[in-house]
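Please keep the sequence and the structure in view while reading.

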Amino acid sequence: MTERNMQKALEEAKRVVSLIESDALTEDQKKAIQTDSIANFNENVNPGWLEYRKSVSTDAAFVEWEDEGDVFRDLNGVEFIDCLGGFGIFACGHGNPEIKKTVMAQLNRYSLHSQELVDPLRGYLANLLGMITPGDLQYCFFTNGGAEAVEMALKLARLATGGRWYISTVGAFHGKSMGAISMGGKGAYREDYIPMIQQVQHVKFGDAEAARVAIENLEAVGEKVAGLIVEPIQGEAGVQIPPDGYLKALREICDEHGVALIFDEIQTGLGRTGTMWRCDHEGVCPDIMTYGKASSGGLVPITGIIARPWTYEKSGVGTGVEGKMFDNPWILGSPTFGGNPLACAAFISTIRYMLENDLPGLSKQKGERYMAGLAKLHEKYPKVLTTYRGAGMLMCMEFPTDEVGHEVTKALFARNVMTAGTLVNAQTVRIEPPLVQADETIDKVLVALDEALAEVGEKYGLL
Ligand SMILES: Cc1ncc(COP(=O)(O)O)c(C=O)c1O
């Protein structure tokens, strides 16, 4: 147990502030940070966390200290090529200097809003989002994390439709708050919290008819469905790509039954899959869309929802017709830090950078380079890399077992390439690099992967 001691805390805080503010660490400081990190994680964060990290790195002592472009660096300046991209955060690269410049300008002006005056950046950002999202998506609500955005989407669906039930998909991942995890489609994340939101039916992902049947069955017994929530490509489930036409069919079903269609684009949005939004692939507009991860510009977290006007009009969230005008603009939520000026500045600058540099196009092009490399490696090591798939720069590799996947991840890490399985399984390993990853870096990764597959294939008799 950490003993309560204000004087000691003050001295420790001063020491850590000086480390943060230091331009160059001494060798002693580096050693201290390494030792402190292990002790602090074991004693005050979560010992399991370190064990989990160690399982991939073989050495828990890799402490990240800097990032730039397509790499993270540890305390000693050792570089790791980032093929995980923070599960989609680093679309614009690490420490993107153009976005950082905007963020620094805002930081030096004011970072957080008064909560009472009108903060202009929130308005500018919402307007821009209206311009880069499909159809008549218009009203924005900004939050801090992905799960929080999903909560807002779920609540808005109930307000807008009067329905109470949700349809979600098996394998889905929408975050881990109580509402979001209720929509989750993996038992491992849910079991310990049951009972949660009761009015959820999970149907097979990629099967629109299953969704129709679930809605019709609920209606037959007098229930009403509020929303259908789906990832256009399931990320955490291992880059599961539904058949073409799936999103369109869901749109039709939701229209027929007055159900709000929610696309969770937190991972797939903002260029990740080779189009600005994954739903652009089918030309489908949801009623409510979530975004996150890449919206941070890799610098300041910001997430949120954008919704079609009818959802606000029907719900009394603030634009209401039907006598509900301005009923309660805060009914959805009022997160203190949601849409703060610093985060809005990061997101606005991210949008500028993405459009100026055609990141969706770049994602498509670089994803094709990866896929061509993966095709060759699959041919060379079919028993190790059993299959692979992807859209743009959201890709994955599959291995015969969790253990083999884990070993490949480890072998890549030993070659300074960072990837990761899902949170509970490494049979499928995701590749989600910055969309701006250099072609030479991609080629380096493919060479490292070739070596890793050979090494693990040999070890498990799979060559
Ligand atoms: C599709 C999707 N929705 C929601 C979330 C939850 O986001 P957060 O971890 O920021 O709560 C994630 C995170 O991986 C996600 O991929």
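In this predicted model, the side chains of strand β10 point two ways: Thr 303, Ile 305 and Ala 307 go one way, while Gly 304 and Ile 306 go the other. Residues on both sides are buried. In a regular strand, side chains alternate between the two faces of the sheet.

**Strand β10 and its partners**

- Strand β10 covers residues 303-307 and is mostly covered, with five of its five residues buried.
- Strand β4, residues 139-143, runs antiparallel to β10 and is joined to it by five bridges.
- Within this pairing, Thr 303 of β10 has Thr 143 opposite it.
- Strand β9, residues 288-291, also pairs with β10 in the antiparallel sense, here over four bridges.
- Gly 304 in β10 is the bridge partner of Tyr 291.

**Helix α1**

- Helix α1 spans residues 6-21, and the distance from its first C-alpha to its last is 22 Å.
- That reach is close to the 22 Å expected at 1.5 Å a residue.

**Around the ligand**

- How many residues surround the ligand? There are 15, and the closest are Gly 146, Ala 147, Gly 175, Ile 266 and Gln 267.
- Helix α7, residues 146-161, supplies three residues, the largest share of the shell around the ligand.
- By type, the shell holds five nonpolar, seven polar and three charged residues.

**The four-stranded sheet**

- An open sheet is formed by four strands in the order β11-β12-β15-β14, with antiparallel pairing.
- At the edges are β11 (387-391) and β14 (420-421), each of which pairs on one side only.
- Strand β12, residues 394-398, runs antiparallel to β11, and five bridges join the two.
- In that pairing, Met 397 in β12 has Tyr 388 opposite it.
- Which helix lies across β11, β12 and β15? Helix α14, residues 359-380, does so, and runs at about 170 degrees to β11.
- Strand β15, one of the strands that α14 lies across, consists of residues 428-431.

Methods
Residues numbered from 1 in each chain as written. Predicted model: local features only at pLDDT ≥ 70, side-chain atom pairs only at ≥ 80, totals over all residues. Buried ≥ 20, exposed ≤ 12 C-beta atoms within 10 Å, placed from the backbone. Pairing = 2+ DSSP bridges. Expected span 1.5 Å × (residues − 1). Near = placed C-beta within 6 Å. Nonpolar A, V, L, I, M, F, W, Y, C, P; charged D, E, K, R; others polar. Contact = placed C-beta atoms within 7 Å. Axes fitted to C-alpha atoms, helices over the stretch in contact; angles between N-to-C directions.
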